Amino acid sequence: LPACSNSKLCIKDLHFDEVPVRIYLPRAPSASKRRGVIFFHGGCGMFGSIRSYERICQYIARKSDSVVVSVGYHLSPEHNYPAQPLDCLTATAHFLKTAENYGVDPDRIIVCGDSAGGTFTASVCQQLVNRQDIPKICAQVLIYPFLQALNFSLPSHQKNAFTAFLTRERAVHFILKYLKKDCSMKEAVLAGSHVPESMNLKYRKWINPDLIPEIFKLSYKAPLPTLFLPHVHEETKELFETRFSPLLAEDAVVCHLPDTCMITCEHDVLRDDGLLYKRRLEDNNVKVTWYHMEKGFH
């Protein structure tokens, strides 16, 4: 569908290296180069579109007087993972290189996304850490992001297991559908049977309910030990890639990430992903601004 008209914005549909984007440019003249916002929509990598996030992107462009680029990455299952994060990376690199063509200061560009879009935001920022050929991302905004697929028994998973829209079971179902895996493995993944003990031990320093503030652990019960299933692990190895689970990135990467705005919601199975990543960023001396929506849900 065509873009909605807006008297305060010039809206164009373009392609950044074959990735569809919609760019929102404020019409009012500016005395200096504007800020830029790259936006990745949510939808588990299978749903959502530039069009469905039209009002949000227009609002951001108007209220912040920024040039907003909404990225229409190709969706699964028509396009196999990792097409989605790769599209986001491609579009971001293109905009960083060509920002001045759109009246944008290349040193004042942030990346932003909600849910799976938050995953892509975290992934893109990690992958750009060592790039020397393009400007650095100024900041990242993670709106209730999905950040790890090792542990689905954290306090927020238990508390919000049956919360409307995104239940604990549905979250794992969507993950397997997104990766085009057999959904009969859902129960095994929910139980943690896809993770070998060596991997649990390695990442316990980052993914651990002990790292969650006590106020968020009311009624939490430690899960029972589960049997490791090697065939499930082999079938779901993508879950352990840092572009799929950015929380697993090494400190050598995390310490170079840009300033971060983290938004979490109380009634959200993914709440603790955000809390754990917030802690990791802070432990690596990355400046974090955190907003927690006590009545919010995914």
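Residues are numbered from 1 along each chain as its sequence is written. In this predicted model, local features need pLDDT of at least 70 and side-chain atom pairs pLDDT 80 or more, while totals for chains, interfaces and linings use all residues; side-chain values rest on heavy atoms, without hydrogens and water.

Colleague: How many aromatic pairs does the count come to?

Modeller: Rings of Phe, Tyr and Trp (its six-membered ring) pair if their centres lie within 6.5 Å; planes under 30 degrees apart count as stacked, over 60 as edge-to-face and the rest as tilted. By this rule the count is 12 aromatic pairs.

Colleague: Why is the pair of Phe16 and Phe95 stacked?

Modeller: The ring centres of Phe16 and Phe95 are 6.2 Å apart. The pair is stacked because the planes of the two rings stand at 15°.

Colleague: Is Phe47 buried, exposed or partly exposed?

Modeller: Buried means under 20% relative accessible area, exposed over 50%, and partly exposed in between (1.4 Å probe, protein chains only). Phe174 is buried at 18%. Phe47 has 43% relative accessibility and therefore counts as partly exposed.

Colleague: Which residue lies over the face of Trp206, at 3.6 Å from the ring centre?

Modeller: A charge sits over a ring if NZ of Lys or CZ of Arg is within 6 Å of the ring centre and within 35 degrees of the ring normal. The charged end of Lys205 sits over the ring of Trp206 at 4.6 Å from its centre. The residue at 3.6 Å is Arg280.
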